[in-house]
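Thanks for coming, everyone. Let me put the model on the screen and walk you through a few parts of it.

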Amino acid sequence: MVASKEYVKWQDEAYKVVGTRISIDSIVYAFRAGVSPESIQRSFPTLTLEQVYGVIAFYLGNTADVDKYLIEGDQASDALDQSSRDAYPEWYEKLERARKEMLTSQS
């Protein structure tokens, strides 16, 4: 009898690939965008193709929970970004001016 393997665990408020510090977020986003498991694995050379497929299988078996987790993570990131913009508006204005200058100089 073959024992089943675990590929994903909940750790530090995130889904992680077992035995790594890699969250499943980027793997799931790439899979949902139609990127092949082989291409995803090349983006994460420390993961095996088996681990990538394991994450995908976990996602397919837990789509509602993982999608909710990703949405909550996006919302938290957006709130943190807004908080930073509110705390340092001058820096963000300077950054935006520099970006516009760079785009103008490339034209």
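In which sense do strand β1 and β2 pair, and over how many bridges? They pair in the antiparallel sense, over 4 bridges. Two strands pair if DSSP finds at least two bridges between them. Helices (H or I, at least four residues) and strands (E, at least two) are DSSP runs, numbered from the N terminus.

Some ground rules. This is a predicted model, where local features need pLDDT of at least 70 and side-chain atom pairs count only at pLDDT 80 or more, while totals for chains, interfaces and linings use all residues. Residues are numbered from 1 along each chain as its sequence is written, and side-chain values use heavy atoms, without hydrogens and water.

Back to the strands. β1 covers residues 8-11, and β2 covers residues 14-17. Together they form a hairpin with 2 residues between them. In the turn, D12 has a positive phi of about 55 degrees. Across the pair, V8 stands opposite V17, and W10 stands opposite Y15.

Now the faces of β2. In a regular strand the side chains alternate between the two faces of the sheet. Here both faces are covered: A14 and K16 on one side, Y15 and V17 on the other, all buried. Buried means under 20% relative accessible area, exposed over 50%, partly exposed in between (1.4 Å probe, protein chains only).

Look at K16. It is buried, yet has no salt bridge. A salt bridge is a side-chain nitrogen of Lys or Arg within 4 Å of a carboxyl oxygen of Asp or Glu. The nearest side chain of opposite charge is D12, 4.1 Å away. Lys and Arg count as positive, Asp and Glu as negative; His and the chain ends are not counted.

Next, the rings. The structure holds 5 aromatic pairs. The rings of W10 and Y15 have centres 4.9 Å apart and planes at 75 degrees, so this pair is edge-to-face. Rings of Phe, Tyr and Trp (its six-membered ring) pair if their centres lie within 6.5 Å; planes under 30 degrees apart count as stacked, over 60 as edge-to-face, the rest as tilted. W10 is partly exposed, at 48%. Y15 is buried, at 14%.

Last, helix α4, residues 63-87. Its buried residues include Y69. The buried residues of α4 pack against β1, β2, α1 and α3.

Notes: Expected span 1.5 Å × (residues − 1). Contact = heavy atoms within 4.5 Å.
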